[in-house]
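My notebook is open, and today I am looking up a few side chains and who they pair with. Here is the model I am working from.

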Amino acid sequence: NGQFNTYFGMRLMQVSGEIAEALVEYSNSVLDALEIVNGPGHMEVMMVADGPCLVEVGSRCHGGEGSWCPIAEECIGYTQIGVSLDAYLRPAAFDEIPMVPAPLTKFGREV
């Protein structure tokens, strides 16, 4: 349709390389600045010419009506929903979740 911001889906990306690491560092600084320290977070960040740029942030799980859950489970072994439940019901399991996801075991995309 020619619209510049048409949504074409999502691709789960591995945290590796200079750009991905800069995006994670920036995202963590945003969460710190907003004092979001408990619970899940959803953030959209774009990499622009002069660095990361915040699009939106919310202290909530990723949207999409949960359609991303099977993809995350297959690719990284857990989901925000499961980890959120672990924080309350299985604290030891929650403490095992790394601050930065390990390398992907599979690649996934939502279209």
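Entry 1. I started with arginine 60, which counts as partly exposed at 34% relative accessibility. The model is a predicted one, so I keep in mind that side-chain atom pairs count only at pLDDT 80 or more. I then asked myself which side chain arginine 60 meets in a salt bridge. I found glutamate 56, with 3.5 Å from N to O. Glutamate 56 is partly exposed too, and I noted a relative accessible area of 31% for it. That value lies between the 20% and 50% limits, which is why I file glutamate 56 as partly exposed.

Entry 2. How many salt bridges does the structure hold? I wrote down 3, and went on to the others.

Entry 3. Glutamate 74 is in a salt bridge with lysine 106, and I read 2.4 Å between the closest N and O atoms. I wanted to know where the two partners sit, and found glutamate 74 in helix H2 (residues 69–76). Lysine 106 belongs to the loop between helix H4 (91–95) and strand E4 (109–110). The pair therefore ties together parts that are 32 residues apart in sequence. For accessibility, I have glutamate 74 as partly exposed at 43%, and lysine 106 as partly exposed at 43%.

Entry 4. Next I looked up arginine 90, whose salt-bridge partner is aspartate 86. The closest N and O atoms of this pair are 3.5 Å apart. Is aspartate 86 buried or exposed? I have it as buried, since its relative accessible area is 14% and the limit for buried is under 20%.

Entry 5. I moved on to leucine 85, and placed it in helix H3 (residues 80–89). Leucine 85 is partly exposed, with 49% relative accessible area; exposed would need over 50%.

Entry 6. My last stop was serine 27 in helix H1 (residues 18–33). Serine 27 counts as buried, because its relative accessibility is 18% and the cut-off is under 20%. I then looked for its contacts, leaving aside neighbours within four places in sequence. Met43 and Val45 are what I found in contact with serine 27.

Conventions. Residues numbered from 1 in each chain as written. Predicted model: local features only at pLDDT ≥ 70, side-chain atom pairs only at ≥ 80, totals over all residues. Heavy atoms only, no water. Helix = DSSP H or I, 4+ residues; strand = E, 2+ residues; numbered from the N terminus. Buried < 20%, exposed > 50% of the residue type's maximum accessible area, 1.4 Å probe, protein only. Contact = heavy atoms within 4.5 Å. Salt bridge = Lys/Arg side-chain N within 4 Å of Asp/Glu carboxyl O.
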